[in-house]
Amino acid sequence: MVDSLSLAQARRVALAAQGFGRQPSGGAGTRQLAAGIRKLGLLQLDSVNVFERSHYLPLYARLGPYDRAALDRLTFARGASHTEYWAHQAAIIPVDTRPLWRWRMDRMREREGVQWIAGHTGLRDWLLAELRDNGPMRASDIEHDSNKRSGPWWGWSDVKQLLELMFLYGDVVTAGRTRFERTYALPEQVLSGDVLERTVPREEAQRMLVEHATRAHGIATTRDVADYYRMRNDETLAALRALEDDGIISHVRVDGWKAPAWLHRDARIPRRIEATAMLSPFDPVVWERARTERLFGFHYRIEIYTPAPKRIFGYYSLPILIDEEIVGRIDLKSDRQAGALRVQSAWHEPDADPGAVADRLAPLLTTTAEWQGLERVEFAGAGNLSSALAQLFPASESSKLAAR
């Protein structure tokens, strides 16, 4: 193991650990998709669908075009090999890793909503009986007239709120989704006996999660590792020290980093990374904004919750990764009614060559439109990269794309 890395080496280590390297060829099947999820450990879920739901994008960035229905079968179908839990945020995880989260379920039960549930024991018993008698159901299927919507923001009904709490505690699980609405089930209705009966002591489970987070990052500070699965710093540090004692990780210095870093023994330091990708705002490469800035010198904030007049880069801008650098961002919208992938805005970083970025990005936009089942790419014109990109999509390109 090395004891110091340049910043460029650290970037290559991090990207290789995340599954970037050679340009994707596309056509990934079920096996490759499952392996991709296991490498990352999770796919974060998000409801925004202006371009594409977030959990489809990390595998697209790494593997190229694939059949999204195949991912749905792995993740959302009843009896799928993956399930959901609150890992990082709401996320898809391999079902056989669910026992590693029992300690968090118990902690959630102790800390979250105990008083609220105590005042709704009748409703809780009724919900469990409904699921036991009727099988997996959506919240919308089991809400009844006596439920009054409450809450200052979400306005969830009592049924929905209680189902979500029981999901956090592990009392109910997901049995797939329909139009992105979660279906709830009793654990024994969905999970195998092996998963239900397996118990992992808290410290061992946390050590396994921290080991995976370090391997998935390749190189990371303690704070980076803790953020991967949203664990406490003290518990993360205890696990890291145990892994260091076992020779699985080692301390290294990275040029320009104030905090020391941990390097996983499986980490590679490639001579180069070849990649052209648009990253979801919830991709592990960029989801911890301080790490993104430290690794790539890229200041990134999502502007979904920013009032439109105050947005700088767009509603749902995606960082643009070219080889080893994040060189810009692009705000996309899939206009299915018009059959167009709309580039709402596109921006390059101050030190990036707009022509070179456009040359690399344009083929990916064409491929992305095809992946989305759209006929053409259109430009709204906003952003300092839009002009260079639009020049690569003359009007005749629309008919060529539509004919494919």
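Analyst: Helix H1 (residues 7-17) packs against helix H15 (residues 289-296) at an angle of about 130°, their axes lying 9 Å apart. This is a predicted model, in which local features need pLDDT of at least 70, side-chain atom pairs count only at pLDDT 80 or more, and totals for chains, interfaces and linings use all residues. Residues are numbered from 1 along each chain as its sequence is written, and side-chain values use heavy atoms, with hydrogens and water left out.

User: How are H1 and H15 oriented to each other?

Analyst: Angles under 35 degrees count as roughly parallel, over 145 as roughly antiparallel, 65 to 115 as roughly perpendicular and the rest as oblique; H1 and H15 are therefore oblique to each other. The contact (heavy atoms within 4.5 Å) involves Leu7, Ala10, Arg11, Ala14 and Leu15 of H1, and Arg291, Arg294, Leu295 and Phe296 of H15.

User: Where does H16 bend?

Analyst: A bend is the angle between axes fitted to the seven residues ending at a residue and the seven starting there. H16 bends by about 30° at Leu361, and the proline Pro363 follows within four residues. Helix H16 (residues 354-371) reaches 25 Å from its first C-alpha to its last, close to the 26 Å expected at 1.5 Å a residue.

User: Is Arg179 buried or exposed?

Analyst: Buried means under 20% relative accessible area, exposed over 50%, and partly exposed in between (1.4 Å probe, protein chains only); at 72% relative accessibility, Arg179 counts as exposed. Arg179 has a positive phi of about 50° although it is not a glycine.

Methods
Helices (H or I, at least four residues) and strands (E, at least two) are DSSP runs, numbered from the N terminus. The expected span of a helix is 1.5 Å times one less than its number of residues. Axes are lines fitted to C-alpha atoms, for helices over the stretch in contact, and angles run from 0 to 180 degrees between N-to-C directions.
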